[in-house]
Amino acid sequence: MNIVLIDPSPFVRECLTLLLRARKDRVHTAASSIEGKAYLTNYPVDLIIIDPDIDEGAGAELIHEIRHDTKLGTIPLLVLTHARDKSIILRLVELGVAQCLLKSNFTIEGFFKRLSVASRTRPHPVGVTDDDEQKPHDPAPAPRVHTPA
């Protein structure tokens, strides 16, 4: 999986990169929202891990931009944050964040659990409906064939 990790802490970036690469994930790290956005717009990404507090809150704005972008808006987001304010967490959920993990409650097991859930989530970009997209039609499922035993 191609993962972009956007976090201001070199320690967090290094530790999570080691964990993710041990799973054979490809990880690109960014220390700022500007660096993260530059990577997101130029390379294929399967999952974004972001701290919304990066660059004094610019991470929350980047999440907003990602969710409103027709290309990037379908990429699952996993948020790692120090924020304990319920209104901040609810705002992130409104923006379509797949999973949120408090850094103060971080465990490796919890991280991988949330990562697994987030990677299976495919949000729609905000403001884009199914009618706006052209989807290929799914073929009819093959009929089940039962053979006598």
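This is a predicted model: local features need pLDDT of at least 70, side-chain atom pairs count only at pLDDT 80 or more; totals for chains, interfaces and linings use all residues.
Lys 103 and Asp 7 form a salt bridge, with 2.8 Å between the closest N and O atoms. Lys 103 sits in the loop between β5 and α5, and Asp 7 in the loop between β1 (2–6) and α1, so the pair ties together parts 96 residues apart in sequence. Both Lys 103 and Asp 7 are buried.

The side chains of Asp 51 and Lys 103 meet in a salt bridge at 2.7 Å, N to O. Asp 51 belongs to the loop between β3 and α3 (54–67), and Lys 103 to the loop between β5 and α5, so this pair ties together parts that are 52 residues apart in sequence. Asp 51 is buried, as is Lys 103. Through shared partners, salt bridges join Asp 7, Asp 51 and Lys 103 into one network.

Next, select Arg 23 and Asp 25. Their salt bridge has its closest N and O atoms 2.8 Å apart. Arg 23 is partly exposed, at 37% relative accessible area, whereas Asp 25 is buried, at 7%. The whole structure contains 5 salt bridges.

Then move to helix α5, residues 108–119. The 12 residues of α5 reach 16 Å from first C-alpha to last, close to the 16 Å expected at 1.5 Å a residue. Colour Gly 110, Phe 111, Leu 115 and Ala 118, which are buried in α5. These residues cover an arc of only 135° around the axis, so they are on the same side of α5. Their cover includes α1 (10–22), β3 (47–50), β4 (77–81) and β5 (99–102). Turn to the other side of α5, where Glu 109 and Lys 113 are exposed.

Technical notes:
Residues are numbered from 1 along each chain as its sequence is written. Side-chain values use heavy atoms; hydrogens and water are left out. Helices (H or I, at least four residues) and strands (E, at least two) are DSSP runs, numbered from the N terminus. The expected span of a helix is 1.5 Å times one less than its number of residues. Buried means under 20% relative accessible area, exposed over 50%, partly exposed in between (1.4 Å probe, protein chains only). The arc is that of the directions from the helix axis to the C-beta atoms. Contact means heavy atoms within 4.5 Å. A salt bridge is a side-chain nitrogen of Lys or Arg within 4 Å of a carboxyl oxygen of Asp or Glu.
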